[in-house]
Amino acid sequence: MRGEICGHENNLRHMTAPTPISELASRTGSPVVVKGWVRRIRSSGRIAFLVVRDGTGEVQCVFSRADLDDATWQTLTAAEHESTVAVTGEVCADKRSPIGVEVSANSLRVLSGSPEFPIQPKEHGIDFLLEHRHLWLRSPRQVALMRIRDETMRAIRDFLHEDGFTCVDTPILTGAIGESAGTLFETEYFDLGTAYLAQTGQLYVETAAAALGKVYCFGPTFRAEKSKTRRHLTEFWMVEPEVAWMDSDGNMDLQERMVCYVAARVLDRCQADLGTMGRDLDRLAAIVPPFNRMSYTDAVARLQEAGHEIEWGSDLGAGHEAALTEGRSKPLFVHDYPKRAKAFYMKENPDNPATVKCNDLLAPEGYGEIIGGSQREDDYDRLLARIREEGLPEESYGWYLDLRKYGTFPHSGFGLGLERTVAWLSGAQHLRETIAYPRMMTRITP
RNA sequence: UCCGGGGUAGCUCAGUGGCCAGAGCGGGUGGCUGUUAACCACUAGGUCGCGGGUUCGAAUCCCGCCCCCGGAGCCA
């Protein structure tokens, strides 16, 4: 452990502690030990190049036959793609290096071999790559995506905490409750019958809003939908803020501020990784307030003018969303959808009872819906009526109805899909690359 | 579930009725070079998804099945 500093073994470990590759540029002329994985090797009769990465960066280590003993030279032949090595040498400035320095090596230890590493520096099919996801993660593009995802999550949490939110974790194992049955994963739960994996934390986080005012949950959610598109996973992460005394307009204000904050943070802190992804940075710089807000009714009118076949009252399809966001550089709010197209808990619009106070946020460039949000129905009788209309099991919603029975209050919230947001910000074409181990209809391993 | 595309070497693919099924990459051996997905030569490597049918002859044509891909629906 960290506290144990005495003992021969720990001293040894300390002595062989490697220098992170990210620090080499500031150590020109110094002797160093670099430990990491071999990305590439080019060896020959007189000189050899070993590109080593360690998670902080990568560096080329140069081995000159004339400067090495026979044993070290022989060892080079055992260094394979993705084997682990310890290289001892001196940091030398070199204009040809992308990081300005390379290591003039005088010794090499192969710590572990890596016979025939499956992933080559070439094109592979997606099925093969997913079958080897545990190894694919080592690729530069995947590393960049994991860092962008990490920064996106940090930015979301930082924004919410700076804004006075408290994180309240909601259960993953639940009884029969959620937006709709039929798309829930089931599992046996002792003597209590069937439990379901949560497809949202919203109903629970609503109750926490009555305790803490501004709250959010952030965790994995599960949808047993038989979706096979680039925009769907069966397990994905969602952040769900919920705010007491906030109406639908305030809800959109909050979404706008959060999305802009996150985009700015990723742009600021992930430039190199966005570069690895080939992302156009101007696209992220354009994500600033305000976002356009369009009512569902206006959206349908626009679509009809553009020749789309859509009736007022039916939900927007992928083609409609693409048409509405085409040519835009910022996300677009579409609000006040027809009641019959949306979930039971959304608050009826007093100005137009056929619609509810809700909104989607559609990302540009075809990334689609990254947020769904609404003001919640806070009237006991109306909510009960909606539960009955939808044919939901009334007895399962007792505690949810209680929230309207004991000191009800207007409140709103939304769910932002992490993977869709990361895909959009990074320019990834498919959600499956934005999470380390994507869960899809046809894949549960590795 | 529906629609479309696909399944040939470890990987990416070419091969649409006719000798023993090919290339590049990767592996192995040797050579060579301040190299950048290095290069050159040699070499090993195949149940052409599975089953049946047509034919003198099937990777190739027909039927059935399985699997994968991404689009729709659904949603974040």
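A charge is said to sit over a ring if NZ of Lys or CZ of Arg is within 6 Å of the ring centre and within 35 degrees of the ring normal. In this predicted model, local features need pLDDT of at least 70 and side-chain atom pairs count only at pLDDT 80 or more, while totals for chains, interfaces and linings use all residues. Residues are numbered from 1 along each chain as its sequence is written, and side-chain values use heavy atoms, with hydrogens and water left out.

Two such contacts can be picked out. The ring of Tyr400 has the charged end of Arg404 over it, 4.2 Å from the ring centre. Likewise, the charged end of Lys342 sits over the ring of Tyr337, at 4.2 Å from the centre.

Rings of Phe, Tyr and Trp (its six-membered ring) pair if their centres lie within 6.5 Å; planes under 30 degrees apart count as stacked, over 60 as edge-to-face and the rest as tilted. The whole structure holds 12 aromatic pairs. One of them joins Phe218 and Trp237 edge-to-face, with 6.3 Å from centre to centre and 70° between the planes. This pair links distant parts of the chain, since Phe218 lies in strand β10 (residues 214-222) and Trp237 in strand β11 (residues 235-244), 19 residues apart. Strands here are DSSP runs (E, at least two residues) and helices likewise (H or I, at least four), numbered from the N terminus.

How open are these rings to the surroundings? Buried means under 20% relative accessible area, exposed over 50%, and partly exposed in between (1.4 Å probe, protein chains only). Phe218 has 5% relative accessibility and so counts as buried, whereas Trp237, at 23%, counts as partly exposed. Trp399 and Tyr400 form another edge-to-face pair, 6.1 Å centre to centre and 80° between the planes. Here Tyr400 is buried, at 0%, and Trp399 is partly exposed, at 32%. Both belong to one aromatic cluster that also includes Tyr204, Phe344, Tyr345 and Tyr397.

Finally, there is a pocket to explore. Domain 1 (8-112) and domain 2 (130-434), with bounds from an automatic or database domain assignment, both give residues to the lining of the second largest pocket, so this pocket lies between them. By class, its lining has eight nonpolar, five polar and eight charged residues; Ala, Val, Leu, Ile, Met, Phe, Trp, Tyr, Cys and Pro count as nonpolar, Asp, Glu, Lys and Arg as charged, and the others, Gly among them, as polar.

Technical notes
Chains lettered and ligands numbered in written order.
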